Amino acid sequence: MIHRIRLSMSLSFVKPVFQVVVFLQFIGISHQAFALTNLSPEIYIENLKQQKSQIFQTQQESLILPNGLRLLLVSDPRAKESACTVSVNTGFVDDPVAYRGLAHYLEHMLFLGSQKYPDKEEFLRFVNERSGKSNAFTTDEDTNFFLTIGDQDFAAAVDRLAQFFIEPRFDEKYLEKELSQIQSEYDTNVQDSDFFLPYMRHLNLKKEHPLHWSFQGNRETLGHVPREVMRDFFWRHYSADNMNVAIVSSLPLRELKKLSEVFSRVPRRGTQKGPILPTADAITPTVVKIKSALQTHHLFLYFTLPPAGKSDWQTKNYEILASRLDEDAPGTLSSFLKEQGLIYDIGSGVQNWRGWRDLYVSSTLTESGVAQWEQIASTVLAYIADLQKTRLSEALAANEKRRRELSYLYDFVSPVRSAVSLARGMGFFDPQEVETNQTLIPAPSADDFHRQVQLLNPQHTSIYLISPTVTAQEKPEFYQFSYSVDPIDKYPWIANPRPISGFKTSEPTTNPYLPRNLGLISVQNEKPHEIVNLPGVSVTHYPSIEFKQPLASLILDFRFSKDFPPSSRSAAISLLLNQYLDLALKKPFSEAHVAGYGWSLLFSSLGGALSVTGYSDHLESVSLAVAGFFRNLRIDEAELRRQATLLQKLLAQKEFEESFKQALWLRTSAVDPHSVEVEKIQGELSQITAKEVEEFKSAVFRSGRFRFLAFGNLDESQSRKLSQEVMKVLESRPSEDVVPLKITEYPVRGSAFSTTRPGENHAWLAEFQVPDSSVKSFAKAHLLGALLNMKFFEDMRTEQELGYVTQLGVQDLRTGPSLLFLIQTAKPLLEINKSCNSWIAEAPRVLNSMPAETFESARTARISQLRKGHSSFVQKFLSVAINFSNEWSFDREEQEAFELEKLTLPDLVSYYTDYVLGPQRRQFTIFLTSTSNGSTAFIPQGVENVVTDLSVFRRENSKIIDASQVAEKNLVPHTGEGVAGEGVAGRKGQ
């Protein structure tokens with residue numbers, strides 16, 4: 001399950017991918033139509049609703065069913081799949097003290113069968129085999145279950161989900177099995193600040209408040225839960241009138257309304273939940289110092305405030321303040337603290353709960369910053385104190401209001417994200433007002449702003465410093481860190497803050513990057529075609545206005561030439577340059593960033609890419625400015641050293657990530673082995689000079705082959721001009737001569753792939769790489785993943801209890817697809833290795849015994865998914881960018897769908913047999929061994945010797961690695977080098 005308990009999915013505006021907010025002129029809606037400042041909030045909101053419906057034909061309807069359940073239906077033609085979220089107003093706040101984590105435990109158990117669908121895997125199997133997704137998460141105040149699937153299977157999937165709440169089985173034989181997964185999940189989080197920070201904040205509450213005892217649960221707190229206790233908890237809290245359901249789909253409203261029937265069967269159990277206890281008054285203002293094993297330093301300031309009322313949703317004063325704290329423009333708090341060398345970054349936001357809300361300011365500190373944390377915190381408080389003496393800036397309010405207005409009208413998030421946000425928001429608002437109340441600022445008020453900012457005072461302030469350098473003695477009950485708590489009055493500067501000398505803020509101004517030319521190009525043929533093909537440079541023009549948005553993107557993709565060999569040195573320089581540029585670009589382009597422009601400059605030891613995305617009318621100027629900034633930037637030695645130190649700490653911190661994340665990080669070596677030579681990279685970072693980075697930066701654009709892609713709302717002449725101008729900037733010579741960079745190539749070693757690490761879980765990963773990059777090959781691999789993933793999950797996780805994280809996935813590489821089998825476990829790796837390899841060998845039998853309708857439904861769902869297109873410009877851009885970077889065809893999805901139409905089950909069995917079991921087998925195995933859980937994990941002897949030269953693995957004549965064939969008599973205890981890791985969490989442990 002997903003259980004990032006700290007994240008409350010704030011009901012304030014959430015910035016989308018690439019920061020793309022959209023503003024356009026469309027079918028009779030003029031630029032002036034958005035100037036609605038003189039309208040009443042009610043008319044303003046209603047006008048925007050009508051405009052959105054007129055542009056995209058969206059429709060909404062809310063229902064209160066006879067059982068009291070609230071249902072919000074959204075029909076949006078842009079949605080390419082259907083999503084449903086059930087939000088239950090029950091979370092950790094409702095846990096009995098004797099059974100801490102019970103709400104979380106119950107969430108797990110509801111997946112394991114109902115009276116109508118008794119098979120414990122029926123729901124997940126149905127969704128998974130049809131290329132859908134489902135998960136759940138528990139927070140302090142609510143528990144949320146969600147699914148997304150194709151329209152044709154939506155009604156059947158919703159019926160299965162609704163049975164969770166109608167008549168679950170609570171099969172006693174799975175209580176212990178699921179408890180082991182709760183424990184495994186807890187084991188992965190004991191050193192994670194996303195969990196121990198909110199845990200400490202709850203400890204700060206008065207003991208009579210239920211959240212003082214909030215905890216995700218483990219075997220210690222839940223190992224004695226009787227089935228009757230769980231059933232009683234369900235009966236008391238899972239009442240229809242305590243639940244909200246949101247559905248987002250492209251299906252018409254008349255079809256969606258039919259789904260209300262199944263939810264009307266959820267019983268009203270007569271236990272409607274009362275109001276949550278106020279938390280703002282229960283918090284104890286303190287300064288908490290946390291000594292953790294993490295190698296970075298973080299400072300958090302929390303202002304815990306009363307819950308929002310109706311006027312707060314119309315003014316959003318704290319959200320406006322947070323947007324100013326986030327800015328990197330000259331004269332802002334963030335810019336000043338960075339110039340002083342005290343922080344690497346700063347972020348601010350508002351988290352809304354039913355019992356309270358938090359305005360938070362978080363920052364990552366430099367070495368100098370952690371020594372001066374009190375001055376940093378005092379400067380933040382002084383900045384807020386100054387705001388308490390002034391009125392709200394009209395320019396700041398207008399910029400934020402317009403940004404949110406345009407976001408409401410034209411941003412499109414995935415149906416499942418939208419459904420989750422809407423369902424949770426219904427705990428605060430009337431269903432019809434959820435979307436507008438979460439996003440819009442219909443009535444900014446200078447007077448109201450002045451009044452509310454007064455609440456940001458010491459009585460509502462808590463400060464948390466997380467660093468390995470602090471002194472702390474107290475130990476928490478469940479997490480691996482120590483802490484100390486001081487009363488707020490121990491620090492007089494909190495009540496009388498003083499800024500660091502030299503700090504002076506500037507007044508916000510009207511954002512000049514808001515678009516002016518909002519027209520759409522006239523497109524006769526949207527197929528991509530090459531318009532420039534010169535030696536070393538090509539330009540592909542791909543016009544697209546299918547989303548009715550004047551957005552465009554420019555991508556520059558390059559590969560280093562053969563005389564620019566990859567190495568750990570070049571990987572370290574690339575990593576450092578990426579980090580440096582990311583922070584350097586924010587300050588001069590902060591207003592463009594806020595207005596909706598996003599950019600990326602990414603380098604590796606193999607090549608790199610530059611991309612800029614945003615409104616087409618300013619795309620040329622922003623692209624040229626970003627390219628020119630990169631070309632002319634002179635690296636500051638002191639700042640480079642700060643960034644190198646941060647990167648070294650971040651690399652060291654990866655040691656504390658979950659085993660499965662480390663395994664996924666290590667498997668990237670099959671693509672770029674230098675990217676995981678962590679110890680070497682850490683050493684290189686301390687030696688890299690500003691001159692060397694300058695030389696690398698200059699050499700990059702004279703060493704390789706360049707390919708441009710102009711995508712979106714650009715005509716052919718604009719695309720050609722834009723690429724030509726960018727190349728002129730990048731090819732311009734600097735004022736002094738540049739010495740070509742000479743990089744020493746290091747030999748590749750494989751010590752990383754049989755390693756020990758601290759922690760509570762091991763990880764085992766087997767990758768079977770297919771050296772066939774044809775579209776047919778990818779079609780077969782993806783369908784295999786859909787058909788086998790659920791069976792692997794069911795057998796390994798649920799039946800054998802091998803690990804909370806259990807995945808079978810498909811990775812698309814330029815050289816072909818890979819099947820990945822991954823498990824995180826507390827059991828010895830020999831047992832995992834033997835069990836999984838046995839399962840892998842038996843997979844053809846599983847496929848051959850599969851019912852024909854199962855294969856057909858999975859194949860049909862995959863074809864539908866490929867042909868449904870994309871829901872938004874950003875989704876389409878990401879797909880186009882991946883195809884472009886890999887030099888694949890732009891119509892790959894249609895080609896794969898065509899291949900799937902001809903595919904049979906015997907084709908899949910033959911493919912699997914050849915590449916996973918047969919003579920073309922290319923297996924790549926990773927063993928990560930935990931050292932602190934008291935168990936000894938044995939690594940098959942010889943595995944580390946086989947996986948030694950990763951460059952050999954990358955070649956066609958790579959050695960076959962089959963750890964299962966190593967005789968048990970050759971097993972020896974093994975210890976290796978600790979390695980950093982990174983990856984992504986999965987679905988219900990997958």
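Author: Let us begin with a term: a residue is called buried when its relative accessible area is under 20%, exposed when it is over 50%, and partly exposed in between, using a 1.4 Å probe and protein chains only. By that scale, both R357 and D312 are buried. This is a predicted model, in which local features need pLDDT of at least 70 and side-chain atom pairs count only at pLDDT 80 or more, whereas totals for chains, interfaces and linings use all residues. Residues are numbered from 1 along each chain as its sequence is written, and side-chain values use heavy atoms, with hydrogens and water left out.

Reader: What do the side chains of R357 and D312 meet in?

Author: They meet in a salt bridge, that is, a side-chain nitrogen of Lys or Arg within 4 Å of a carboxyl oxygen of Asp or Glu; here the N to O distance is 3.3 Å. The pair links distant parts of the chain, 45 residues apart, with R357 in strand β10 (residues 357-365) and D312 in helix α11 (residues 310-315). Helices (H or I, at least four residues) and strands (E, at least two) are DSSP runs, numbered from the N terminus. The whole structure holds 48 salt bridges, and D119, K120, R125, E794 and E799 are linked in a network of them.

Reader: Which residue forms a salt bridge with E716, and where do the two lie?

Author: The partner is R720, with the closest N and O atoms 3.7 Å apart, and both residues lie in helix α28 (residues 716-731), four residues apart, or about one turn of the helix. E716 is partly exposed, at a relative accessible area of 35%, and R720 is partly exposed at 27%. Helix α28 also holds K728 and E725, three residues apart, whose side chains meet in a salt bridge at 3.7 Å, N to O. K728 counts as exposed at 55% relative accessibility, while E725, at 25%, counts as partly exposed.

Reader: How should I read a sheet, and in what order do the strands from β7 to β12 stand?

Author: Strands of a sheet pair through backbone hydrogen bonds, either parallel or antiparallel. Two strands are taken as paired if DSSP finds at least two bridges between them. In this case six strands form an open sheet of mixed pairing, in the order β9-β10-β8-β11-β7-β12. At the edges stand β9 (343-352) and β12 (482-487), each with a single partner strand, so one side of each is left without a neighbour in the sheet. Strands β7 (residues 286-291) and β11 (residues 461-466) run parallel and are joined by four bridges; I290 has I466 as its bridge partner in β11.

Reader: How are two packed helices described, and at what angle do α12 and α16 cross?

Author: Two packed helices are described by the angle between their axes and the distance between the axes. Axes are lines fitted to C-alpha atoms, for helices over the stretch in contact, and angles run from 0 to 180 degrees between N-to-C directions. The axes of α12 (residues 317-326) and α16 (residues 394-410) come within 10 Å and cross at roughly 100°. The two helices are therefore roughly perpendicular to each other, where angles under 35 degrees count as roughly parallel, over 145 as roughly antiparallel, 65 to 115 as roughly perpendicular and the rest as oblique. Contact means heavy atoms within 4.5 Å, and this one is made by E319, I320, S323 and R324 of α12 with L396, E400, R403 and R404 of α16.
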